[in-house]
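Me: I have a model open and would like to learn how to read it. Could you take me through it, one feature at a time?

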Amino acid sequence: MSVSIFVNKVTKIYDQNVILKDLSLEVKNGEFFTLLGPSGCGKTTLLRMIAGFNTIEGGEISFDNKVINDIPAHKRNIGMVFQNYAIFPHLTVRQNVEYGLKLRKLPKAEIKTKVDEILKVTRIEEYQERLPERLSGGQQQRVALARAVVIHPDVLLMDEPLSNLDAKLRIEMRSAIREIQKKVGITTVYVTHDQEEALAVSDRIAVMKDGVIQQVGRPEQIYTRPVNTFVATFIGHSNLLKARIAVENKQTFLELGRDLRMAIDNLSDLVNYNMDVIAAVRPEEFTISDKGLRAKIKSRTFLGRYVNYELTLMEDLMVVPGTYLEVSQDLGLTEKLYNEGEEVCLEPCMRRINIFNEDGSHSLIRGVMVDE
Amino acid sequence: MNKKKLKFDFWSIVTILIVAIFALFLIYPLLSLFISSFKDPRTEAFTLSNFTKFFEKKYYYQALINSFSVTSLVTLLSVLIGVPLAYLMTAFKIKGKGLIEILIIISMLSPPFIGAYSWVLLSGRSGVLTKFFAGLGINLPTIYGFGGILLVLTLKLFPYIYLYVSGALKKIDASLGEAAESLGCSGVKKVFTVIMPLILPTLLAGALLVFMNALADFGTPMLIGEGFNVMPVMIYSEFISEVGGQANFAAAMASIMVFVTSLLFVGQKYIVNRKSFTMSSLRPMKAKELKGFKSVAAHFFIYFIVFLAIIPQLTVMYTSFLKTRGAMFTKGFSFESYTKIFSRMGNAISNTYIYGLVAIAIIVMLGMFIAYLSIRRRNVFTGLIDTMTMFPYIIPGSVLGITLLLAFNKPPLVLSGTFGILVVAYVVRRLPYTLRSSAAILYQISPSMEEASISLGCSPLKTFFKVTAIMMLPGVFSGAILSWITIINELSASVILYTGNTKTMSVSIYTEVIRASYGTAAALSTILTLTTIASLLISFKISGKKEISI
Ligand SMILES: Nc1ncnc2c1ncn2[C@@H]1O[C@H](COP(=O)(O)OP(=O)(O)O)[C@@H](O)[C@H]1O
Ligand SMILES: [Mg+2]
């Protein structure tokens with residue numbers, strides 16, 4: 001049956017390189033939990049430690065109250081879905097799905113009912129007698145999922161399961177995965193480097209960088225209240241602007257260059273007078289109006305529901321030199337489109353933007369925590 | 001936790017067993033050979049005299065010179081035939097291409113001494129061609145000696161060059177040739193400036209392989225060398241004549257051979273590893289139509305070469321059905337050669353298949369285990385095994401025969417005279433084919449297949465048998481076919497290790513030819529050749545490919 005996973009200060013060392021150090025994590029029972037981070041940050045390493053394919057150099061991993069460090073992989077009762085699906089080519093779809101059940105020596109009739117059921121849930125009934133080489137990528141993916149889920153594993157582990165599919169199928173399959181996971185209710189750890197995918201499928205997300213967990217939270221939390229500039233820019237896009245905090249008559253203001261000074265009331269106690277900070281403003285958090293930051297439109301991209309603009313600020317406030325300001329305009333809310341070369345004024349939405357300390361390492365918004 | 005570290009799992013036991021097998025049947029015999037080459041025949045004291053004897057007497061060192069001269073020419077001729085053949089067959093449309101390729105492979109895999117012996121039948125002292133041309137007043141050059149060895153070995157070995165080079169040509173993307181042409185470089189110039197440099201590393205590797213094979217070949221010079229002494233024959237005759245006494249001098253010569261082949265092997269490895277460009281073509285060269293005279297010339301060249309190469313097989317099959325009187329063939333057809341061999345040499349026929357099957361079973365098992373250990377479970381010991389599996393490449397068959405005989409003709413382990421020693425020789429010599437193809441396919445099997453099985457609750461050991469081994473089978477099979485074919489055709493070690501009861505077909509053919517009993521030799525050769533062809537065709541059928549990886 002489904003379990004919670006406790007990762008307690010684990011360390012992974014490859015040939016004297018410390019890949020993970022004292023990493024801790026908790027995955028709740030039945031939860032869809034995603035490890036998200038750029039390639040090479042250690043997601044696969046952590047997942048394979050949970051699976052039992054990697055040794056654990058320090059710390060403990062437990063399923064519920066049971067430490068599993070010394071339990072070999074084949075006795076951990078996990079379901080695993082691999083990036084390349086790893087469907088056995090010499091077995092038919094049905095035999096692939098039966099594989100784990102047969103090893104568990106279940107009665108024939110029970111195997112049959114279980115396999116029939118999962119084939120139906122994953123919608124691959126009609127291919128069950130085929131050999132895998134004659135299946136499309138999406139179908140193979142479903143077989144891999146069925147095979148992993150049918151054994152009722154304690155946890156389901158998936159390592160970039162959609163990365164070999166084309167864009168359209170990827171979106172279709174991620175809903176399928178989410179739906180099947182909810183139907184069977186298995187604790188799931190899902191690895192991806194695709195933030196959009198992570199936001200779409202997860203109950204909670206752990207954002208990783210260089211073997212360190214940056215933030216754990218629900219998708220909307222991570223998107224709206226990132227803990228640092230890495231998360232703010234890795235998940236969705238954020239314009240990073242140099243800013244200052246000013247205090248006047250017990251009222252706190254955010255100053256963006258000379259043009260803009262706006263009251264802000266959700267900062268934490270960490271802020272000081274005249275402190276240099278970074279303001280992270282997402283493209284949709286700007287409104288084009290008649291006052292605010294002055295900027296010139298460099299290019300316009302029409303995307304249907306949105307129009308995206310790249311702009312050059314009159315006064316250069318960009319934290320990353322040489323980047324342009326990105327602003328998106330929701331066509332449902334505006335009539336007027338602007339042209340390249342036009343000058344406009346931009347106002348950020350103060351309730352939604354994020355403020356970070358000068359080096360971007362932590363948020364200055366009240367109540368934002370690494371792990372909620 | 002501690003308990004687990006102490007426990008030996010299945011793979012550690014297999015590793016230890018394999019190391020032990022290699023140590024016993026390869027390292028120990030080889031070491032005894034080296035040691036014995038430094039021993040004085042009478043006093044057993046350490047001496048260099050065996051080596052100085054070799055380099056002082058012209059009679060001996062001439063064999064080394066002879067070996068090198070004939071081998072170099074064989075290599076050169078093989079390249080001169082194999083490269084144009086490969087180019088023509090790849091670049092142009094040739095009628096009967098499929099059949100030609102099969103014939104080339106057959107001529108390569110048939111036992112080499114059959115070639116020697118057929119050419120004796122054709123143009124030996126009382127050969128058909130000799131007599132025919134003598135009737136016309138023309139004296140054919142003699143087939144015995146240098147020229148004969150050159151002819152037979154070239155025809156036997158150019159297929160290696162052909163297969164290597166056409167493999168490389170297939171990997172050249174058509175766009176490379178087109179790019180050259182768009183830059184105004186075409187025809188012969190294109191071949192020399194673009195194509196040749198691309199296949200050169202492959203060609204060198206193939207040429208060294210041919211060189212090693214020609215150098216180690218025993219059957220051909222033994223049958224038609226006559227006065228022209230080469231190393232393997234010299235080692236064999238010294239060894240045979242000294243058995244009973246000491247074989248130290250033969251051991252010294254064998255050590256010299258091993259030294260030379262090791263150098264060649266290292267050279268070949270170096271070139272293969274240094275192949276600076278790995279090519280893979282998305283769009284291989286397309287065969288073009290040849291017109292007019294060029295087409296006639298190309299076809300003539302190809303058909304002529306292939307005909308020459310396949311003559312031995314045709315000759316033995318034809319003559320096996322001729323009536324005989326003593327050593328002579330007479331007019332008319334009959335099955336008497338066959339009835340004779342079945343009544344007198346049935347033993348040799350069944351021995352060949354039984355020993356072959358036993359050896360191949362061991363080879364398949366070892367091949368799969370070693371491939372798995374050295375790819376999936378790398379450690380010091382599996383690395384050691386990896387190195388030891390290279391040894392058979394550098395030990396000529398006759399040398400292996402001698403080392404095994406020297407090592408196992410006395411207690412504690414007496415194997416000489418048993419069929420066991422033949423099986424050991426076959427396994428050691430022919431394991432590399434199966435091992436290489438097993439390793440190649442295992443590299444293509446993603447480890448996640450095994451992990452998938454393990455995650456589903458299957459123990460790693462069970463996973464090996466249920467998933468890995470089954471997925472490896474096609475690759476194992478293609479190598480095993482090659483091991484099998486070369487086992488049943490093995491002569492150079494067998495001829496040293498056999499006794500009356502453990503004669504195999506190839507040994508019987510050899511002894512029959514020596515006795516000038518050509519009819520029975522032909523019948524045996526035919527059975528062997530047909531077994532070879534049948535094995536090849538079955539392998540093509542099962543794998544669905546008309547290819548063989550040498
Ligand atoms: N078997 C291994 N041996 C040595 N280093 C490894 C091994 N596997 C992964 N690494 C290293 O560990 C780091 C994390 O890798 P990985 O977990 O695969 O990243 P991700 O899955 O997030 O892309 C990388 O720097 C990688 O080079
Ligand atoms: Mg990864």
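**Reading the model together**

Reply: Let's begin with one residue: beyond its neighbours within four places in sequence, Leu25(A) is in contact (heavy atoms within 4.5 Å) with Ile5(A), Phe6(A), Val7(A), Phe33(A), Leu35(A), Leu46(A), Ala206(A), Ile213(A) and Val216(A). Please keep in mind that this is a predicted model, where local features need pLDDT of at least 70 and side-chain atom pairs count only at pLDDT 80 or more, while totals for chains, interfaces and linings use all residues. Residues are numbered from 1 along each chain as its sequence is written, chains are lettered from A and ligands numbered from 1 in the order in which they are written, and side-chain values use heavy atoms, with hydrogens and water left out.

Me: Which residues touch the most other members of the largest nonpolar core?

Reply: A nonpolar core is a set of buried Ala, Val, Leu, Ile, Met, Phe, Trp, Tyr and Cys residues joined through side-chain atoms within 4.5 Å. Buried means under 20% relative accessible area, exposed over 50%, and partly exposed in between (1.4 Å probe, protein chains only). Here the largest core has 264 residues, and those touching the most other members are Leu23(A), Leu25(A), Leu35(A), Ile61(A), Leu157(A), Ile18(B) and Tyr117(B). Helix 15 (residues 336–376) of chain B gives the most to this core, with 17 residues. A second, separate core of 45 residues includes Ala198(A), Val227(A), Met318(A) and Met350(A).

Me: Which residues are around ligand 1?

Reply: A residue is near a molecule if one of its heavy atoms lies within 4 Å of it (a strand is treated likewise). For ligand 1 that gives Tyr14(A), Asp15(A), Ile19(A), Ser39(A), Gly40(A), Cys41(A), Gly42(A), Lys43(A), Thr44(A) and Thr45(A). By class, this shell has 3 nonpolar, 5 polar and 2 charged residues; Ala, Val, Leu, Ile, Met, Phe, Trp, Tyr, Cys and Pro count as nonpolar, Asp, Glu, Lys and Arg as charged, and the others, Gly among them, as polar.

Me: What lies 2.5 Å from an oxygen atom of ligand 1?

Reply: That is a polar side-chain atom of Thr45(A). Gly40(A) places a backbone N or O atom 2.6 Å from a ligand 1 oxygen, and a polar backbone atom of Gly42(A) is 3.0 Å from an oxygen atom of the ligand. Taken alone, ligand 1 exposes 560 Å², and the protein buries 58% of that; accessible areas come from the Shrake-Rupley method with a 1.4 Å probe, and for residues only the protein chains shown count as cover.

Me: Which helix gives the most to the shell around ligand 1?

Reply: Helices (H or I, at least four residues) and strands (E, at least two) are DSSP runs, numbered from the N terminus. The helix you want is helix 1 (residues 43–51) of chain A, with 3 residues in the shell. Because 8 of its 9 residues are buried, helix 1 of chain A is largely enclosed by the rest of the structure. Among those buried residues are Lys43(A), Thr45(A) and Leu46(A). After this helix comes Gly52(A), with a positive phi near 100 degrees.

Me: How many helices and strands are there in chain A?

Reply: Chain A has 8 helices and 20 strands. Its C-alpha trace spans about 75 × 45 × 35 Å along the principal axes, and 52% of its 372 residues count as buried.

Me: Is Ser36(B) buried or exposed?

Reply: Ser36(B) sits in helix 2 (residues 10–37) of chain B. Its relative accessibility is 14%, so Ser36(B) counts as buried.

Notes. A polar contact is a pair of N or O atoms within 3.5 Å; within protein, one must be able to donate a hydrogen and the other to accept it, and residues adjacent in sequence count only if both atoms are side-chain atoms.
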